[in-house]
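Please read it alongside the sequence and the structure.

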Amino acid sequence: MNQEYFMSVAIAEAKKGDAPYGAVMVKDNQVVALAHNTVARDCDPSAHAEINVIRRLANQINNFSLEGYSIYTTGEPCPMCAAACVWSGVSEIIYGVSIADLIAINQSQINISCEEVIAKSFSNIRVTKGVLRQECLKLFT
């Protein structure tokens, strides 16, 4: 399994949601949790794919610490989701399209990168950008 494979799983998950965002948690080269955006369905403005997958996995393992897990997301985590990644302790964020990419195609975003949020935190989360970027961009067209 490689980063492209896990991102393709996130892309497939994104297609199930209210908006084209999908998230996948991976540990030891295995998908352990999936989620998509459910903001409209749940009438919950915090129900972004990343928040949903963090909640799902923490419940599944009965632990709020997700240290050692990697999160794959079709879109760069917004400041809320980046902060959730910090608080949950995920070790790595891998995303497809950036906040800047999304702004360029008129998607509503808060223009603060996940790296800025991480830099101002107590955490040292690795970030990998642009995995299957074009495929992720196609979700928004």
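**Notes on a predicted model**

1. R55 and D44 form a salt bridge through their side chains, with an N to O distance of 3.7 Å. R55 belongs to helix α3 (residues 49-61) and D44 to the loop between α2 (39-42) and α3, so the pair ties together parts that are 11 residues apart in sequence. R55 counts as partly exposed because its relative accessibility is 41%. D44 is also assigned to the partly exposed class, at 23%. The model is a predicted one, and every value in this note is to be read with that in mind.

2. The count of salt bridges comes to 6. One of them joins D42 to R41, where the closest N and O atoms are 2.9 Å apart.

3. Another salt bridge links E13 with K16, and here the closest N and O atoms are 3.2 Å apart. Is E13 buried or exposed? E13 has 6% relative accessibility, so E13 counts as buried; the cut-off for that class is under 20% relative accessible area. K16 reaches 56% and counts as exposed, since that class begins over 50%.

4. Which residues make the nonpolar surface patch of about 350 Å²? The patch is made by M1, Y5, V31 and L34. V31 sits in strand β2, which covers residues 30-36. With a relative accessibility of 32%, V31 is classed as partly exposed. A residue needs over 30% relative accessible area to be part of a patch, so V31, at 32%, passes that cut-off.

5. V31 can also be set against V90. The two are 59 residues apart in sequence, and their C-alpha atoms are 14 Å apart in space. V90 is placed in the loop between α4 and β4 (92-97). Its relative accessible area is 3%, so V90 is buried, whereas V31 is partly exposed.

6. The largest pocket holds about 190 Å³ of space. Its lining includes Y21, N37, H48 and E50, and also the run G75, E76, P77 and C78. L102, S108, Q109 and I110 line the pocket as well. How many residues of each class are in the lining? There are 5 nonpolar, 5 polar and 2 charged residues.

7. Two residues other than glycine have a positive phi and deserve a look. For N62, phi is near 55°. N62 lies in the loop between α3 and β3 (70-75), and a relative accessibility of 71% makes N62 exposed. For N106, phi is near 65°. N106 is in the loop between α5 (99-104) and α6 (114-119), and N106 counts as exposed because its relative accessibility is 70%.

8. C136 is part of helix α7 (residues 133-138). C136 and M7 are 129 residues apart in sequence, and the C-alpha to C-alpha distance between them is 8.8 Å.

9. A82 is found in helix α4, which spans residues 79-88. A82 has a relative accessible area of 0% and is therefore buried. Between the C-alpha atoms of A82 and N2 the separation is 23 Å, with the two residues 80 apart along the chain.

Note on methods
Residues numbered from 1 in each chain as written. Heavy atoms only, no water. Patch = residues over 30% accessible without salt bridge, like charges linked within 9 Å, V, L, I, M, F, W, Y side chains within 5 Å. Areas by Shrake-Rupley, 256 points an atom, 1.4 Å probe, with all protein chains shown as cover. Salt bridge = Lys/Arg side-chain N within 4 Å of Asp/Glu carboxyl O. Helix = DSSP H or I, 4+ residues; strand = E, 2+ residues; numbered from the N terminus. Buried < 20%, exposed > 50% of the residue type's maximum accessible area, 1.4 Å probe, protein only. 1 Å grid on protein atoms, 1.4 Å probe; cavity = no way out; pocket = protein on both sides within 12 Å on 5 of 7 lines; lining within 4 Å. Points joined across faces, edges and corners; volume = space filled by probe spheres on them. Nonpolar A, V, L, I, M, F, W, Y, C, P; charged D, E, K, R; others polar.
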